[in-house]
Amino acid sequence: MTAIGIALGIAATVATVGLSATSAAAIAERFDATEATRVTVSFSNAMRDDGDAPGFEDTERVRGLNGVVDAGMECSSDEEAVLSRTAEQYYTRTAPLYGAEPGTLDAYGFTFVEGGPFDEGHVHRGDAVALIDAVIARELGYASLDGGPMIYINGESYAVMGIFEAPTGEAQYTGSVIIGPRPCIEADPAYSPVQVFIRTDLGAADKVAEEAPLAVFPELPGELSVAKPSDLRDFRKGVESEMQALLLGLAAVSLVIGAVSVSNTALVSVMERRSEIGLRRAVGAARRSVAMQFVWESTLIGLGGGLVGTVLGVDVVALVSLLQDWQIVFDPVLLAAGPAVGAVVGVVAGAYPAWRASRIPPAVTLRT
């Protein structure tokens with residue numbers, strides 16, 4: 001029963017380390033792929049004020065980089081636009097207004113419930129076309145796009161090409177309206193500085209982040225700011241270390257309980273075997289020999305518990321990984337560390353009882 005206490009403590013420790021590493025790897029793998037494949041190259045306010053902005057050929061050059069899935073420029077109006085379904089503006093509402101390229105829509109992964117996005121032809125001709133969010137469509141009464149409806153944005157008419165739903169994780173586009181990228185190209189002071197949004201292949205973000213500024217604005221690439229995803233290796237290490245710190249504390253409690261149990265059992269054994277110990281001392285056994293006998297007994301108990309606990313811990317990691325469909329990440333060092341820790345716990349737990357046993361005088365044998 002004492003060995004079982006050690007085994008449970010070791011099993012908790014092994015399972016904790018194994019599960020923290022395995023779950024950290026699983027979390028890193030399931031880390032939002034959209035976040036791990038996005039790069040943003042932004043112009044500054046000073047560049048906007050100087051009239052600096054990318055052109056169509058610049059974003060086309062970005063889309064030609066290795067590892068780029070799609071890319072496009074975007075900018076947003078500093079003030080919300082006034083929207084109406086009629087020129088007389090009987091009913092109006094305000095909404096965020098964005099300028100964007102078709103490539104931007106593709107990079108974000110817009111989905112359309114009615115119609116579709118504008119194309120390169122609309123953009124290059126400078127057609128007055130707009131895309132509206134489904135929330136705006138319901139509020140303004142656009143049940144469908146039959147008949148080619150128009151929308152008035154700040155009093156100017158635009159043909160509604162499509163009704164979209166904001167991409168997952170892009171809340172800024174909820175309840176918004178998107179027009180062509182003309183304000184972005186012209187560095188319109190009423191709009192935010194241009195940024196080029198880039199979607200990359202998984203694993204290509206770092207390389208694309210290095211090359212994109214030169215492709216976006218060859219004249220002053222050093223003036224652009226680049227945002228890229230965090231290193232997933234650091235993310236994984238952070239998750240693993242935090243989980244281990246939390247769970248190893250619980251495992252340590254189990255080990256302490258097991259050590260106290262071993263120490264208590266060994267101490268009771270010393271009390272019950274006083275005659276045996278006194279006899280050994282009477283026939284010449286040294287105190288050190290008596291002490292080592294009890295140290296070895298507690299060490300063997302700890303070692304046995306460590307072996308059983310290691311097997312249980314590995315089984316727990318394997319079972320949880322199987323149920324969660326995780327790939328097992330397990331350090332082989334734990335296979336040797338489990339029994340070793342069990343033995344150390346046994347040594348520490350048996351130290352005091354062994355000392356007590358070594359202090360029993362030979363005359364104790366005369367009492368029985």
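**Entry 1: before starting**

I'm working from a predicted model. I kept that in mind for each entry below.

**Entry 2: the salt bridges**

How many salt bridges does the structure hold? I got eight. I looked up three of them, including the one between Arg48 and Asp49.

**Entry 3: Arg48 and Asp49**

The side chains of these two come together in a salt bridge, at 2.9 Å from N to O. Next I asked myself: is Arg48 buried or exposed? Arg48 is buried, as its relative accessible area is 13%, and the cut-off for buried is under 20%. Asp49 is exposed, at 55%.

**Entry 4: Glu139 and Arg93**

Here the closest N and O atoms of the salt bridge are 2.2 Å apart. Which parts of the chain does the pair link? Glu139 sits in helix α7, residues 134-140, while Arg93 belongs to strand β4, residues 92-95. The two are 46 residues apart, so I noted this as a link between distant parts of the chain. I also checked Glu139 for accessibility: it counts as partly exposed, with 37%.

**Entry 5: Glu210 and Lys207**

This salt bridge has an N to O distance of 4.0 Å, and the cut-off is within 4 Å. Glu210 is exposed, its relative accessibility being 58%. Lys207 comes out as partly exposed at 48%, because exposed needs over 50%.

**Entry 6: the largest pocket**

I turned to empty space next. Rolling a probe the size of a water molecule over the atoms shows where such space is left. The largest pocket has about 340 Å³ of space. Its lining is made up of 22 residues. Which of them lie nearest the centre? I wrote down Glu156, Tyr158, Ile179, Pro183 and Tyr191.

**Entry 7: what lines the pocket**

I then looked up which elements supply the lining of the largest pocket. At least two residues each come from α6 (120-125), β9 (156-165) and α8 (182-185). Which element gives the most? That is α8, with three residues.

Last, I sorted the lining by class: 14 residues are nonpolar, five are polar and three are charged.

Key
Residues are numbered from 1 along each chain as its sequence is written. This is a predicted model: local features need pLDDT of at least 70, side-chain atom pairs count only at pLDDT 80 or more; totals for chains, interfaces and linings use all residues. Side-chain values use heavy atoms; hydrogens and water are left out. Buried means under 20% relative accessible area, exposed over 50%, partly exposed in between (1.4 Å probe, protein chains only). Helices (H or I, at least four residues) and strands (E, at least two) are DSSP runs, numbered from the N terminus. On a 1 Å grid over the protein atoms alone, a cavity is a set of points where a 1.4 Å probe fits but cannot get out, and a pocket is an open set with protein on both sides within 12 Å along at least five of seven lines; lining residues have an atom within 4 Å of a point. Grid points are joined across faces, edges and corners, and a volume is the space filled by probe spheres set on the points. Ala, Val, Leu, Ile, Met, Phe, Trp, Tyr, Cys and Pro count as nonpolar, Asp, Glu, Lys and Arg as charged, and the others, Gly among them, as polar.
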